[in-house]
Amino acid sequence: MAGKSGRSINNVPENPMKHIIFSWEGILVILFILVNIFCASFSEFYNMKSVLRQMPVYLAEVFMMFPMAYILVLGEIDISVGAIVCLSATLSCMVCNTNAPFIVVVLTALVVGALCGAVNGFILTRFKELPPMIVTLATQIIFRGIAEVTLGAGGSIAITNTDGFRAIGGKVGNIPYILFLVLILGVLFAIFLGKSTFGRRTYAIGTNRVAAYYAGVHVEKIRFIIYTVMGLMSGLCAVFLVSSSYGANTTTGNGFEMDAIAMAVFGGISSTGGKGNLAGGIISAFIIVCLRVGLGQKNVNAQVILLIIGVLLVAAVALPNIIGDVKKAVAMKKN
Amino acid sequence: MEKKSVIKKITGSREALLAIIVVVLFAVVTVISPSFLTPKSLMEMLKNNAVTMVMSLGMLCVMLVGGIDISIMSTLALSGMSIGMLLKYGHITSTLLAFIIAMAIGIACGLVVGLVISRANVPPIIATMGFMYIYRAMGYLVSHGGEWASAAALGEFKNFATTSFLGINKVIWVILVCYVVFFFFMKWTRTGRRIYAVGSNASAAQVSGINVKNINLLVYVIMGFLAGLGGALQVSVYASAMPDMQYGGEMDVIAACVIGGVSMSGGRGTVVGAFLGSIILATIAKALPLVGISSLWQNMIKGVIILVVVVINVVLQRIADKNALKGREM
Amino acid sequence: ADDKKDDTKTEAAAGDSAKDKKIALVGKAAGNAFFEIAAKSFQETVEAEGGEVQVVYPETATADAQIKVLDNLISQDFDAICISANDVNALQAKLEEAMDEGIKVSSFDSAPNKDSREIFVNQAGTKEVAQALMDAVLDISGGEGQFAILSATSQSANQNAWIDAMKTIMEGDDKYSKLELVDVVYGDDEPQKSTDQTAALLQNYKDLKVICAPTTVGIAAAAKYLQDNGSSCKLTGLGLPSEMQEYTGDDDSHSCPYFYLWDMQGLGKLSAYTTIALINGDITGAKDDKFTAGDLGDYTVTEADDGGTEVVLGAPLKFDTSNIEEMAKLY
Amino acid sequence: MSNILQGKEEYFTLIQKYSHYQPVGRMIEYNQIKGKGGERAVSEYVLELKGITKIFPGVKALNNVQFQLKPGEVHALMGENGAGKSTFIKVITGVHKAEEGEMFLNGQKVDFKGPKDAQEAGIAAVYQHPTSYPHLTVAENIFMGHEIIKHHMIQWKEMNQEANKYLGELDADFDATAEMGTLSVAQQQMVEIAKALSTNAKIIILDEPTAALTRNESEKLYTLVDKLKENGVSIIFISHRFEDMYRLASRVTVFRDSQYIGTYDVNGITNADLIKAMVGREINDLFPKPEVKLGDEMLRIEHLSRTGFFKDVSFNVRAGEIVGLTGLVGAGRTEVMEAVSGITHPDEGKVFLEGKEVYIKTPSEAMEKGIILLPEDRQKQGLVMSWGLGRNVTLPIISKYAKCGFNDEKSERELSKKLLEEVDTKAVDIFQPASSLSGGNQQKVVVAKALAQEMKVVIMDEPTKGVDVGAKAEIYAIMGDLAKKGYAIILISSEMPEILGMSDRIVVMCNGRKTGELNRGEATQEGILELSMEKSTGKGTK
Ligand SMILES: Nc1ncnc2c1ncn2[C@@H]1O[C@H](COP(=O)(O)OP(=O)(O)OP(=O)(O)O)[C@@H](O)[C@H]1O
Ligand SMILES: Nc1ncnc2c1ncn2[C@@H]1O[C@H](COP(=O)(O)OP(=O)(O)OP(=O)(O)O)[C@@H](O)[C@H]1O
Ligand SMILES: [Mg+2]
Ligand SMILES: [Mg+2]
């Protein structure tokens, strides 16, 4: 019809294999193998069994990395999640101590988490001008404050009936249930982010919010859902955390937001929005878990472990950029 | 007409709105606890919040270019702990030298952060998160894994915070000087305006021949410098240096700036705003125990107040915008 | 120098009762000078007995972080874990797991609940500490007037136990009847917040005579504030001599006449011997078990307030102008 | 090395080919100088570029182009979208570094390391995409990079005075202390020009300065350019509007497909020739308005108001009809249509779609009901710039092509390829990021969005802003096709020929109110102008 010159535009993507091998995910896989080789030779106690044994506590945090990745893709941040974990762990422990059925306890944790997330989402979508960082900073203080008030003096609660939590902390052979759950949810979240219309719209919002809105994307609805799911997953994290501590206290979940963000960013998800995928996030989560377990088993000073993670984090983002710059400069020279 | 324009001026300026909030806050606290509004109490408040107040100036610069720095309290701990240990083991005794060393360490830390951000294009939140761990760990290492430098070990240095100059505590002088210098710097110097320019539109700044990378570097160096200064102040004010000083305190500094109307996406924010923002936070911290709120509830109420203040700010801004539209002739 | 001699003697006498034993000592968090002293003495004692000690700190002062540490330790072949718990309840699952694996679990400084441990080495009995503090308040206030408590966090188990015990003591004896506890505030172990809280106490209670701060960070911050302001309100509590040296004195220019702390070195040593005794089966952690703690002498396991068992080191030490200078060099 | 030589050869052949466009007198001078010593110390050109080649990853944006600028002349630079005009400008000002070629300023070979060098050498540019600082004041915007400084202090008062002087010259209706972000696009454009003036540049480059301006404002600009010319300033002027060129330029250089085509005297060239030079083919009918039998009423708005933006606006549009909505910039046209399509919300009034009253809260709801708005700012509102073209086109409709919430990438790709070809986008593949396209091609991608789904009402806000004549014709053709298919079309535009050429009916707005409605037959330029100026005296005070 209108096309006069009948230009032809290619619509076949390049060979995807090339992308995978040279991508950040490819590097992460290699890094994962290297970290394991390093840890195994570094510590005599580092083996499959001990890693699987220690994994569950770390994996609980990985639950939060999934929705955090979505939030980062949006170009936003949620630093209240550690406090949400605290609050939902506290309240579910309280419900547990009323001898409620275990399913009710789990539901409490999930619902409380989702509600907290929804509060974040509500404020952020009602007052779009507010930066997420400051809102979630305030709610972080509030959620933990509520937990402090609920826990009262003493600031700690223990569950009297540990059966349910003991059960979900169980294993198939050596493999803890939580590993299956993390993998299943990880794949679901990853596919959903990468392949679904919801995911595509999330990327659109993260890349150009205004254009996405003009193109009919329900920006605020999507943000609300993501923050709510963030809360929900924090609730799930709380459930598994309680299954390893049989209780909650005012410091429960402290600093988890940073861990979740670090895992996601190390996995190549840009904090400026619109970039990265969850496959990288999942691999990086396992790298960090293995590294922490391995170094921990040699009783390396905890601060030194943090230092190493800090260096890795900075290097993971800086190196590709530097290499890219150098490559560009070389290419320019050639031209 | 005259009256209208005055109202318009007030509702149009974020700082004026904030000043109103500060006045209201002061009034409420004073009604409940009259001793709040005494010079001594206010001076104490400033002194006890010197670190946050001084560092929010650096955060202002960082946030103006659209960045953020959450490594500052680790830098503070590293620099504070370093001079603490130097003083403790008698390597230095001069107060001035201690301040200079702390600031130099801060500048070095800021320089590294700035280089990583401006030259390797690492997003600020990520880079500073990494350095938050790194500098804090270095602080621990400097302290031989957990030694403290306590009052007795600090010698003359700790007297800095207890002595006065012209009747005003030296710590408060430091705050005053910092704010005056920064007010001048941000408003009247070319470099100060360039910080705004880069934050407002980095690619335009590039085109007008501003070295964007260097400005980016500069703000983190300034931040580092103030974090180093903050380290020295912290050690001096509380007469003790511990490696976990101000753990998590960066959020207070960021909150002070945001409450003060500094935009997190860059370009917007003033020294006056940063001042008012940190005063609001300081008032909350000072007032909550004063007005007799149970300790258990204090954290939660602090969170609620922060949230309410930022939301009120938005709502007032919206009303102001709407009124401005209503005034338009059709 | 005397101490050293004693140590070598002990070694010769008790021999190598901890030969080839590996013990992990878990702290609350790195960067606590106070804990370092106990840890060092623990380590020296065990090493003198031929064993090996690994001191491990979690990355933050939370139970979550300690759980990760414990997980890690259980995977290694430790004979015993001695822990200062960040939370009473949260470590139960992991510590039970450790005990199931045959690792002996003792605790010191801050106890996990009774099911999570075999024994607790108590630095000073809760009642003794509370009694000492109450008497100090009574003494410093001159027998009557208002006093307040500046604690760490509302959740810290030790502090709460002492405060509760203080209240009980006050109610139980007429001589305290003229004292009025006006407020209990929390400085979260942050100098800044502790200072705010101290200032608020002074502003709100003009006649406040004494502040009792049973926490090292709190007492130092309060001491500095009171001294800098030349306040007539005095201070006592639990503190670290090196931190408090500047503020300790009987005259008006010092804010703290005297304060207490226990013998941290002794605590480390007793914990070490207790743990070794557990490993060697000399005790099981049951009530009325008896054992010899090297040169510290004989100890008997008693029932603790929480229903578990404990070994009590002794009464808290008093620090005043007579000994502060000397003690400040030690801790 | 060989490349450069080859370039030189080509350059000389080109010189020969187009030498007849050079005024003879000057030609002699040139030869004389050359004959004298070989080295040219003085040149008749203030600015001369030779053999410029600029390569972006995957795109040769400039291929061996040349350019000469005489002192005091206004030289138009024209060409299709993506021909490389803006890139060429950026090479001149040192924003981009050319891979090959050389540049002479007053006969001296220069090599700018960055924009600052160019500024110091007396070259100022107003770039196509505004480079302003929204949070700073107008004065600061003008003086950024060369602030007035005494005793290391910025002299605010002096700077404001100076800035107001320049603004006065431009007849601007705002103050130097106003915040840039609160100004309208046209006002911002003026600031950009004032900025160029403030550097006292000898060469001023204006990249599509009129794209965002209405006729009136363009007139102001013309006067200004004339004044500058009198003062001996040489000007390079890029525009897609022929009227600009005829009104201002004495010579015109045409680029096509990254290559230099020729330099012509404006007096000696016809419209048709120029179009042919630019597009490489002839365009017979710029406004292919089809005769369509109008159907039922599709959209009607009644007494629509939004405080501060527009008041009591009513009109309707029928199936197959193109309604032009025109007026001065800031008349509130965009706001009315944004309120209709759910982007903002009206305070009062009703919207009827096919006779039924509708309440539209979001753009997505509007699209579900069959109303789509193609926004005017394609960079900020229209496109996700870092995304591929294909994804941009399908963004509004992904859910329709999804299976159980998951994207069907294959059919999505096919669809976007089809649509992009339909609007004749010049692109390598559908994965090419939108940011790498030229303005006109970006606009085509935006238009393609409207074709992606069945629509009842299509609202096009300035669809040809900054679009070359060839692409314009194509966009008009698409518009005609849509009308034939029975779409109701609302065309917001400030370009009179376009409004007159394409609309069945013309609604004119002024200062937030509808001031008139004209039928195709009765509308004239003067009539529209009169309506759009009516009460406009009160506007613009901020
Ligand atoms: N930064 C860039 N990176 C990659 N390609 C670019 C870049 N800038 C421009 N291009 C490409 O260079 C070519 C020339 O673009 P340019 O903007 O100079 O065109 P133009 O003639 O100014 O078009 P218009 O009239 O639409 O403004 C286009 O194909 C464009 O896609
Ligand atoms: N940035 C702004 N700040 C304040 N008011 C603005 C701004 N931009 C536009 N306005 C006002 O909003 C109203 C409509 O402006 P707008 O420029 O969108 O109208 P328009 O007719 O769509 O013009 P355009 O030709 O740009 O599409 C006008 O009253 C104008 O003064
Ligand atoms: Mg262009
Ligand atoms: Mg418009």
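User: Which residues are linked with A:Arg53 in a network of salt bridges?

Analyst: Quick note: this is a predicted model, where local features need pLDDT of at least 70, side-chain atom pairs count only at pLDDT 80 or more, and totals for chains, interfaces and linings use all residues. Residues are numbered from 1 along each chain as written, chains are lettered from A and ligands numbered from 1 in written order, and side-chain values use heavy atoms, leaving out hydrogens and water. A salt bridge here is a side-chain nitrogen of Lys or Arg within 4 Å of a carboxyl oxygen of Asp or Glu. By that rule, the network joins A:Arg53 with C:Asp71, C:Lys94 and C:Glu97.

User: How many salt bridges are there over all chains?

Analyst: Side chains of opposite charge can pair when their charged atoms come close. Counted over all chains, the salt bridges come to 49.

User: Is A:Glu76 buried or exposed?

Analyst: A:Glu76 makes a salt bridge with A:Arg209, with 2.8 Å between the closest N and O atoms. That pair links distant parts of the chain, 133 residues apart. Buried means under 20% relative accessible area, exposed over 50% and partly exposed in between, using a 1.4 Å probe and protein chains only. A:Glu76 has 5% relative accessibility, so A:Glu76 counts as buried.

User: Which residue forms a salt bridge with D:Glu179?

Analyst: D:Glu179 sits in the loop between helix H6 (156-169) and helix H7 (185-198) of chain D, and the pair crosses between chains. D:Glu179 is partly exposed at 30% relative accessible area. The closest N and O atoms are 2.6 Å apart, and the partner is B:Arg268.

User: What is the order of the six strands in the open sheet of chain D?

Analyst: Helices (H or I, at least four residues) and strands (E, at least two) are DSSP runs numbered from the N terminus, and two strands pair if DSSP finds at least two bridges between them. The edge strands, each pairing on one side only, are E18 (371-374) and E22 (513-519) of chain D. The pairing is mixed, and the order is E18-E19-E20-E15-E21-E22.

User: In E20(D), what is the bridge partner of D:Asp461?

Analyst: Strand E19 (residues 457-461) and strand E20 (residues 488-492) of chain D pair in the parallel sense over five bridges. For D:Asp461, the bridge partner in E20(D) is D:Ile492.
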